[in-house]
Amino acid sequence: MVLVGVDVCAIAAATLALVLVRYSDLDSVALPTGAAAGIAGMIVLIHLGLCWALKLYRGRAIVGGTDETLLLGAVALITSALASLANVLIDPQPIARSVTFGAPLIAVVIMIVARAMWRAAAVRSGIDLTVRPARTVVVGAGEAGPQLIRSMLSPGSPYLPVAFVDDDPWRRHLRLHGVAVHGTIADLERVIEKTDAQCVVIAIPSAHSDLIREVSARCTSAGVEVKVLPSVSELFGGRVSIRDVRDINIADLLGRSAIETDISSIAHFLNGKRVLVTGAGGSIGSELARQIAKWHPAELMMLDRDESGLHGVQLSIHGRALLDSPDVILCDIRDADALNRIFEERRPEVVFHAAALKHLPMLEQYPLEAVKTNVIGTANVLEAARRVDVERFVNISTDKAAEPTSVLGYSKRVAERLTADYAARAEGSYISVRFGNVLGSRGSVLTTFAAQIAQGGPVTVTHPDVTRYFMTVAEAVQLVLQAGAIGTDGEVLILDMGEPVRIDDVARELIRQSGRKIEIVYTGLRDGEKMDEILRSGGEADQRPVHPLISHVRVAEVSARDVLLQLEIVRVDLAVGLLRQLCSVVPTEGDKTQSAAGAA
């Protein structure tokens, strides 16, 4: 608006000056003030129309720069020609031709000088003139929106707020810091087109993933980028500014609700305790170790058979990784004797058992490996814990253990039942914690999609309608610690994963964020895969007596002694059948054929 005001004044001044010069020697002719005003108005309209079409008032060129000067010169020549033509065609001719021809050219000199003076002043004051603020629509006119607008209007801001959208009907006429509410989220595409916006910012720190997905989809269809403010927990209650604005990540689209934990209960069973984590080099195990370290345990022991994984987790906790300290333990949970020696020497009081084989297709191909690690390995850790009277044992399970149809699901279901068996006959509390897919874990679908996109595609999805539960690794571990604090002996605690998400939507969002055109190929469900995962088996009631995000259920016990005795004599081709029996699952004839083929 400042530029428009400068240009209108320049045209008015140039027209007045030319009229005075042209008619000053003609005493017999009165000054054509009416005609001059009309011609000046016509020149203004032509000039503003051309500048608007060339986006000179919408950040196309740096103010006072070479590009803007050339564009203004072109506008002045066109304006001069059109005004002169109109003046000649009008009969009688309202004003001298020199006025209509010369006024735009003199006016553009004034415009350029004014812009050059402003640019010089801006450079002296330190304003960054290379910043071209993106015209921005802000979603949400609540508490965070006005704070963000104030920050956007500061010098050097990369964003220029042009409109609000808000679904609250009480805000439909609201204007904050000169920025008005132009409609609701349903009107977003229209508002973007009307304001010529280049960016949309979701200024709702508590925004649900459904809202973020809807806004993201609308921005994609409108061809503009979308950004978001961090969640309430990420902002830590501070004031909102443009420094907080960031790109949407996949966690925003899948769920970003804040998790409330009972800090005192977690501290009670971790603070000052000797804690051991199996599988500490993996995604869940390493995050467990990092979060446990913050609770000041007397000793943190990280056990894994992967020395590289141990190196990584030690580096992330201590900032160094010499692998020569007692907090890292290189051991395979399949080796019962080695486990027993370690437990006897180190005497852990709390054990988190995260070591497992987890890739479903691989275990369908090699079922005996699932038996060795997920069943026998778990039994070994449970027995070692019982020998030293561990106070609390937490077994990390998976949603695939609910009504299992895969070798992975069978093996983890048996691990839950083994844990329940030890809860009945060992000192201390033994519980399992069950949850779904973890965002960003090694081998997760996000990692796979990212690698495929980096290679140019195609991105492979099993089925367009397949759904899965997702949770960030930090959220999952936070709830695992809470579950470990509140669980009672023999329970399986099931984490609330929110709403299931279509894998196809995840793939398309990652492709959209990449800005590339990549094909999606549907490969079909693999052996053992479900179309939709569930968190509870039939008969497992959703009871949440302590924490709103944690259900408590019980599973039938199975004797570790009987399991190990049977597994010692079982052949590889019978492994899946035995796991089915231990899960109390009655296989169909089709399942038997499929399992035999997979085992073979």
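Helix H12 (residues 307-318) lies across strand E9 (299-304) and strand E10, and runs at about 150° to E9. Here helices (H or I, at least four residues) and strands (E, at least two) are DSSP runs numbered from the N terminus, and angles run from 0 to 180 degrees between N-to-C directions of axes, which are lines fitted to C-alpha atoms, for helices over the stretch in contact. Contact means heavy atoms within 4.5 Å. Helix H16 (residues 407-425) also packs on the sheet, touching strand E12 (392-398), strand E13 (429-435) and E18, and its direction makes about 160° with that of E12. The model is predicted: local features need pLDDT of at least 70 and side-chain atom pairs count only at pLDDT 80 or more, while totals for chains, interfaces and linings use all residues. Residues are numbered from 1 along each chain as its sequence is written, and side-chain values use heavy atoms, with hydrogens and water left out.

The sheet is open, with eight strands in the order E10-E9-E8-E11-E12-E13-E18-E21 and mixed pairing; two strands pair if DSSP finds at least two bridges between them. Strand E10 (328-330) and strand E21 (550-554) stand at the edges with a single partner strand each, so one side of each has no neighbour in the sheet. On average, neighbouring strands of this sheet are turned by 20° against each other, direction ignored. Strand E18 (residues 491-495) runs antiparallel to E21 and is joined to E21 by five bridges. Leu493 stands opposite His552 in E21.

The axes of helix H13 (residues 336-346) and helix H15 (residues 367-387) come within 9 Å and cross at roughly 30°. H13 and H15 are therefore roughly parallel to each other (angles under 35 degrees). In H13, Ala336, Leu339, Asn340, Phe343 and Glu344 meet Asn380, Val381, Ala384, Ala385 and Arg387 in H15.

Leu357 lies in the loop between strand E11 (350-353) and helix H14 (360-365). With 21% relative accessibility, Leu357 counts as partly exposed; buried means under 20% relative accessible area, exposed over 50%, and partly exposed in between (1.4 Å probe, protein chains only). Beyond its neighbours within four places in sequence, Leu357 is in contact with residues including Arg305, Arg334, Leu363, Glu369 and Leu408. The C-alpha atoms of Leu357 and Thr373, 16 residues apart along the chain, are separated by 6.6 Å.

For the protein chain, the secondary structure comes to 22 helices and 21 strands. Of its 600 residues, 50% count as buried.

Technical notes:
Parallel < 35°, antiparallel > 145°, perpendicular 65-115°, else oblique.
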